[in-house]
Amino acid sequence: MRTRTLTLSAAACAALLATATLPSHAFGTANPRSAQEGSVSAASLLAKVTSCSQISSGKYRTDDETSATIPVCGKNGAVFWKADMDVDCDGQITSKCNADTDPWFQDDTAFHQSNGQPLRADSLPYVVVPSTSSIWKYTSSGIKGGGVVAVIYNGKVEYAVVGDTGPTKIIGEASYATANALGIDPDPETGGTDSGVTYILFKNSQVSPIESHSAAVSLGDSLAKQFIQNN
């Protein structure tokens, strides 16, 4: 998130020096599939989120300098919002995600891989949810770490997981891998898109292990079909 406080631990700096030695087959580094993913079309999903039944107590900004115009909306089996996409590169240090490529880089994510390591933003599609506040508490809506998200942009669907939390007043952020798969510039400093992204988060879902993108696609496709039937 471009509005994050610039913090970088000493451990992150040390790890950055070792980036070049990270093997390409390191844990959780499988490349995401190209969108479109699954059998449910973007148009079919978007047709179910044309109107908003607001469940958040207030609205979110997309960036610090914008006004608060984005509500969290409720549907049977899901919550959704329509916003921009800032690029999150937090988590494991790689050649694409580090303190040199991302001025707001942090070497951790709110939710971790099954081996305890932070998520890897450049290879795992994940979405950032706002941290709990008076506006909205994501856990009260059945949203949890590892939950499945259908991210829709420009006629494409990419399945991701809830992987990190962000500022309490800002919404609209996903990992480098999510942006890249959807054809959005994944540069964490200059990339992203200002609008046109729909995030549908399926309630009470959880991918295990969280770092398995193929598991997210499989579960996401099943939940998307249910979502279409129930709304």
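Let's start with Gly196. Is Gly196 buried or exposed? Gly196 counts as exposed, because its relative accessibility is 51% and the cut-off for exposed is over 50%. Keep in mind that this is a predicted model. Gly196 lies in strand β7. What does Gly196 touch, once we leave aside neighbours within four places in sequence? The contacts are Ala83, Ile152 and Tyr153. Now look at Asp84. Gly196 and Asp84 are 112 residues apart in sequence. In space, their C-alpha atoms are 6.3 Å apart.

Stay in β7, and go to Thr198. Strand β7 runs over residues 193–202, and Thr198 is found there. Thr198 counts as buried, because its relative accessibility is 6%.

Next, the core. The largest nonpolar core has 59 residues. Which of them touch the most other members? Trp81, Tyr199, Ile200 and Phe202 do. Several elements each supply at least two residues of this core, including α2, β3, α3, β7 and α4. The largest share comes from β2, with seven residues.

Take Phe202 from that list. Leaving aside neighbours within four places in sequence, Phe202 is in contact with Gly77, Ala78, Gly142, Ile143, Val148, Ala150 and Tyr159, among others. Phe202 also contacts Gly220, Leu223, Ala224 and Phe227.

That brings us to helix α4. Helix α4 covers residues 213–230, which is 18 residues. Now the general rule for helices. An α-helix has 3.6 residues a turn, so residues three or four places apart point the same way.

On to β5. Why is β5 largely enclosed by the rest of the structure? Because nine of its eleven residues are buried. Strand β5 has two partners to look at here. With β3, the pairing is parallel, over five bridges. Pro130 has Gly166 in β5 as its bridge partner. With β4, the pairing is antiparallel, over six bridges. Ala150 stands opposite Tyr159 in β5. β4 and β5 form a hairpin with two residues between the strands. In that hairpin, Asn154 takes a positive phi near 55°.

Lys59 counts as partly exposed, because its relative accessibility is 40%. Not counting residues up to four places away in sequence, Lys59 touches Gln54, Ala68, Thr69, Ile70, Pro71 and Ile135. Lys59 and Ile170 are 111 residues apart in sequence, but 8.9 Å apart in space, C-alpha to C-alpha.

Last, confidence. The mean pLDDT of the protein chain is 89. Of its residues, 85% reach 70 or more. Where does pLDDT stay under 50? Over residues 1–33. For that stretch, the model has 70 contacts beyond four places in sequence.

Note on methods:
Residues are numbered from 1 along each chain as its sequence is written. This is a predicted model: local features need pLDDT of at least 70, side-chain atom pairs count only at pLDDT 80 or more; totals for chains, interfaces and linings use all residues. Side-chain values use heavy atoms; hydrogens and water are left out. Helices (H or I, at least four residues) and strands (E, at least two) are DSSP runs, numbered from the N terminus. Buried means under 20% relative accessible area, exposed over 50%, partly exposed in between (1.4 Å probe, protein chains only). The expected span of a helix is 1.5 Å times one less than its number of residues. pLDDT is the predictor's confidence in each residue, from 0 to 100. Contact means heavy atoms within 4.5 Å. A nonpolar core is a set of buried Ala, Val, Leu, Ile, Met, Phe, Trp, Tyr and Cys residues joined through side-chain atoms within 4.5 Å. Two strands pair if DSSP finds at least two bridges between them.
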